[in-house]
Amino acid sequence: MVGVRSSALTNVPTLYQRPAPDYALLKGMMKFAGYSFALSFHPMPTSNTILNRCRLSHTNLCTPMFFSAYYTQKRQSHHNSGAVAKYYLPPWFSVAPMMDWTDNHYRTLARIISKHAWLYTEMVAAETIVHQKDNLDRFLAFSPDQHPIVLQIGGSNIENLAKATELANVYCYDEINLNCGCPSPRVAGHGCFGVSLMLNPKFVAEAMSAIAANTNVPVSVKCRIGVDDHDSYDELCDFIDMVSSLSPTKHFIIHSRKALLNGISPAENRSIPPLKYEYFYGLLRDFPNLTFTINGGITSVDEVNAAREAGAHGVMIGRAAYNNPWHILGHVDTAIYGAPSSGLTRRQVLEKYLAYGDSVLGKYGYRPTVRDIVKPLLNLFHSAPGNGLWKRKADAAFRNCTTIKSFFEETLVAIPDTVLDSLVAEPSPGRGDLFANVDSLLPPPYRTTEEIVICA
């Protein structure tokens, strides 16, 4: 192979192989911070146990939602008696669902780099799943190695949400998440779902109950801290209180900005409304029996650990994990989960991705194309020597390359061997003090309407 120099193409491991697990590290059930790791079962005979080891550096690492009897029962009943046991570490770190970005190709790359990060699909509309029920592999299929993986669905029709969840069961996702946070006009506007659903918490509770009734895995909601003028802390708490009280939802992913539905774009909605981390940490204080993952404005592993040290149960990163996958995902397993380093170089990552890419090229007629499959790789050399030339060569190669192998041969000559063969560098320092003063900013404690009446 010309592009991935000095690498033989024979015996390249596929994405469906993993080294044998270290069974000495698997004690059946690990006692951890007062809770137990839950076994999950997946009917994937080629899958192996992926738990390595955990770092016991925080006091709040495990939360009731992830290790409750409910969670264990839902997981175990989801799979048949011939299933293979799988251990997943909790979602202390997850990659956000991003339309047109977190597709099968990106998730494949992400899982090669990080074995423990939780991955989310792009949002899939419930109507799409229902109407494409004879063509679902195109929208829902993924390789076993992508576990742990969460399916995010969107919609405003309870019947379709229930049907979509039932149809998705055969794919054995590890959690079903409802999108209550997308501010896109085609979703929140014409579609009347996404972040618009936050204005109707009773409907969200009914939708989550319908979703939960049609699956045996945990369910969760991803939302903002408010919508337009409905942005007070009490209104956010009203939403959380109603959804969690009237449905089985116990896990909320909170994007710590409100959404503005008119006048700004989805991209501007990720930067213009100010971050209010104090709202997120207020929820931790006021809803101690729920699990909360923080999202928004966190762009480094240092900041992930800072958020967790401040009390967050989990942290979700979006575009930073896409725009710089090597330096973000490359440190997740070691710096966040305390697992041993994979020892992979970018050359080895590309060899594994090559086996995947050429196996799915043109699987659905003319799609996916070489461009589709290569797209997640375009940020693999972020800020590295040769990155600019590599991208220029990639633009030219898209016009004539018909395989991923030929694309690599034509383009990777731009990347020095020292870059291809080096291990991931030490993480760049982030804003470790990002949450240092959050306690002093917390809003007044939330009181329900009943509590206010009693006090009056």
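How many of the 10 residues of helix 10 (residues 277–286) are buried? Select that helix and have a look: nine of them are, so helix 10 is mostly covered. Buried here means under 20% relative accessible area, exposed means over 50%, and partly exposed is what lies in between, using a 1.4 Å probe on protein chains only.

Before going further, a word on what is on screen. This is a predicted model, in which local features need pLDDT of at least 70 and side-chain atom pairs count only at pLDDT 80 or more, while totals for chains, interfaces and linings use all residues. Residues are numbered from 1 along each chain as its sequence is written, and side-chain values use heavy atoms, with hydrogens and water left out.

**Stop 1: helix 10 and its surroundings**

Colour the buried residues of helix 10: Tyr277, Glu278, Tyr279, Phe280, Tyr281, Gly282, Leu283, Leu284 and Asp286. Now show what they pack against, namely helix 9 (233–246), strand 11 (251–255), strand 12 (291–295), helix 11 (301–309) and helix 20 (438–441). Contact means heavy atoms within 4.5 Å. Helices (H or I, at least four residues) and strands (E, at least two) are DSSP runs, numbered from the N terminus.

**Stop 2: zoom out**

The whole protein has 21 helices and 13 strands. Of its 456 residues, 55% are buried. Among contacts with a separation of 6 or more, 78% are between residues 24 or more positions apart.

**Stop 3**

Next, select helix 3 (residues 104–113). Nine of its 10 residues are buried, so helix 3 is largely enclosed by the rest of the structure. The buried set is His105, Tyr106, Arg107, Thr108, Leu109, Ala110, Arg111, Ile112 and Ile113.

Step back to the loop between strand 5 (93–95) and helix 3, where Asp100 sits. Its phi is near 70°, a positive value in a residue other than glycine. Asp100 counts as partly exposed, at 46% relative accessibility.

Then pick Tyr88, in the loop between strand 4 (84–87) and strand 5. Tyr88 is buried, at 7% relative accessibility. Draw a C-alpha to C-alpha distance from Tyr88 to Ala117: the two are 29 residues apart in sequence and 9.7 Å apart in space.

**Stop 4: helix 6 against helix 8**

Show helix 6 (residues 158–168) with helix 8 (residues 201–213). Their axes are 8 Å apart and the packing angle is about 30°. Axes are lines fitted to C-alpha atoms, for helices over the stretch in contact, and angles run from 0 to 180 degrees between N-to-C directions. Angles under 35 degrees count as roughly parallel, over 145 as roughly antiparallel, 65 to 115 as roughly perpendicular and the rest as oblique. Helix 6 and helix 8 are therefore roughly parallel.

Nonpolar covers Ala, Val, Leu, Ile, Met, Phe, Trp, Tyr, Cys and Pro; charged covers Asp, Glu, Lys and Arg; the others, Gly among them, are polar.

**Stop 5: helix 17 against helix 18**

Move on to helix 17 (residues 387–397) and helix 18 (residues 404–411), whose axes come within 9 Å and cross at roughly 135°. That makes the two helices oblique to each other, and their crossing is right-handed. Trp390, Lys393, Ala394, Ala396 and Ala397 of helix 17 touch Phe407, Glu410 and Thr411 of helix 18. The classes here are five nonpolar, one polar and two charged.

Ser383 is in the loop between helix 16 and helix 17. This residue has a positive phi of about 65° although it is not a glycine, and Ser383 is exposed, with a relative accessible area of 62%.

**Stop 6: two cis peptide bonds**

Most peptide bonds are trans. Select His147 and Pro148, which are joined by a cis peptide bond with omega of about -5°. Pro148 is in the loop between helix 5 (137–140) and strand 8 (149–154).

The bond from Arg367 to Pro368 is also cis, with omega near -5°. Look for Pro368 in the loop between helix 15 (346–360) and helix 16 (370–374).

Notes
Left-handed = near helix turned anticlockwise from the far one by under 90°.
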